[in-house]
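I opened the model today to look up a few things about its chains. My entries are below the display.

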Amino acid sequence: MFLIHLVLVVLSIIFLTPLVWMISTSLKEESIAAKTPPIWIPPHFEWHNYWDAFTYNSQKLGYIPFLVYGRNTILLCILVVAGTVISNSVVAYSFARLKWPGRDIAFAVTLATMMVPFPVVMVPLFGLFRDLGWVGTYRPLWVPAWFGAAFNIFLLRQFFRTIPSELSEAARIDGCSEWQIFKDVVLPLAKPALAVVALFSFLATWNDFIGPLLYLLNQQSFTLSQGLQFYQSQAGGTSWSLLMAASTIVIAPIIILFFFTQRLFIQGIALSGIKG
Amino acid sequence: MKARRSKESIAGVLFALPWLIGFTVFMLYPVCASIYYSFCEYSVLKPPIYVGFENYVDLFHDDIFRKSLWNTFFYVIISVPLSTIITIGLALLLNAKIRGQAFYRTFFYLPSLVPQTALACLWLWVFNSEHGLLNMGLEKLSGHFWIFHWHISGPPWLSDTTWSKPALIFMALWTGGNAMVIYLAGLQDVPVELLEASDLDGASPSAKLRHVTIPMISPVILFNVIMAMIGAFQIFAVPYIMFPNGQPAQSTYFYVMYLFDTAIVYHKMGYACAMGWIMFILIFVMTLLSLKVSEKRVYYSGG
């Protein structure tokens, strides 16, 4: 028992060290950030590094508007999460609870689309959005979210099927329309599954790199993830404290979200694993 | 009754409509177009010209393609088994009835939350050859083990072709938290009666692990291995940021990086689509192979 604890403590230290080092560097003055041997707790906490990272402004790089990137990312996340939850729940309801000709084939095809990796469809999608005049706007990043995605449809469908059908039968006898049954009977019972879908689509959008890299051209419209890369390519190697502060800014919201929704997180991951 | 059924059909199609549209526009059309483009010379400005199998034949003779394919295979073949062993190990440790399990689980999981871009920035700093934490640590370690008369100095991780891929593999091991959580869920489903029965039979812990625990979680292992292979094959963001253009000497130029550059930088759209389809076939074959190899070893308690 003691041995297991010892191993776990050592491993925890190994896993946490890079993160601690990131935060430690982010609070240091530039001149001591690269000192050997490493200084773990800076003599002065340079909190202004965070402000500097937010408003990075130097003659060499120009202005890197991290606050604007943050706002862009949050707006994009709201649009994607709303679209994902609404569209996938509607579609999953149809696959789970309604009978229509061709449904089972459509569902099998839906599952098959999960096999298609993004790079396969990247070129035609890019062409499509270019022809629509959407390149350089956020639309290629959020509009598709309003039209469903195979994995989320699958996840929600499995969940909807566990809700007893007697409930919707009773509502149907009471003269409820299908939309009312969906909205008032099934959806309220599916909150945990909807929360999982919302959480993971938020994460995916926050972390997405290749999407913004493809479609966002104007520096002012970048997302945080993309902005950080831009920041790194400009400032990398010159100011480690500021780069670590900027990285912390990108990571912190995710970690905070994790602490508030830990159970949901763990359930969601386990749920997505069980489908295998 | 019939009226109700047709009403249900209409409702069903209406509810599914967003996805029927989304599937057609964002999946079916791109897949068909991508197949067609892969047989064309297509450079955005001019309409695609049909060239038959030329793109596929050219890929065979493309040194950069072969290089990126080799890099990618190297990364997949080393990182997937290593991270599988480590994440199962962590899950087994966590599954022991110990106090503070939730804390340890959180610690091991936290790195997987780090967004790819931030991950790349963070490790650029840790791997920095002069001032990076890792090499400072190695130096310190070599100072303590003075009986070894040599002096360990960390390699220049990011600028040496020998160490650039291992650096990425190391990062992959650090971010295996998702798989670990799935294994942990699988371990908690292993029937206690089975473990107790083998205790009564006097089975050693290692025998229990080999003959009870691992077979019981084998479907989860298969699932995780397949997902990890698919994910690792598509590695993009981290090397794109850490190693611009696959430096040093294209040792970190991976499949999707080349595909991305082919399309977005060189505007060879048909060539990029052909690369996409070869990738699809490779992933498909890898998945089938894992299913085939594991067929007799995976135990489904469901029957």
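This is a predicted model: local features need pLDDT of at least 70, side-chain atom pairs count only at pLDDT 80 or more; totals for chains, interfaces and linings use all residues.

Residues are numbered from 1 along each chain as its sequence is written, while chains are lettered from A in the order in which they are written.

Chain B overall. I found 14 helices and 2 strands in chain B (DSSP runs: H or I of at least four residues for helices, E of at least two for strands, numbered from the N terminus). The C-alpha atoms of chain B fill a box of roughly 70 × 70 × 35 Å along the principal axes.

Interface. I looked up the contacts between the chains: 67 residues of chain B touch 67 residues of chain A (C-beta atoms, placed from the backbone, within 7 Å). Helix 1 (residues 2-37) of chain B gives the most to that side of chain B, with 20 residues.

Helix pair. I checked helix 11 (residues 218-233) and helix 14 (residues 269-294) of chain B, whose axes come within 10 Å and cross at roughly 160 degrees (lines fitted to C-alpha atoms over the stretch in contact, with angles from 0 to 180 degrees between N-to-C directions). Helix 11 and helix 14 of chain B are therefore roughly antiparallel (over 145 degrees).

How values were computed: Two residues are in contact if their C-beta atoms, placed from the backbone, lie within 7 Å. Angles under 35 degrees count as roughly parallel, over 145 as roughly antiparallel, 65 to 115 as roughly perpendicular and the rest as oblique.
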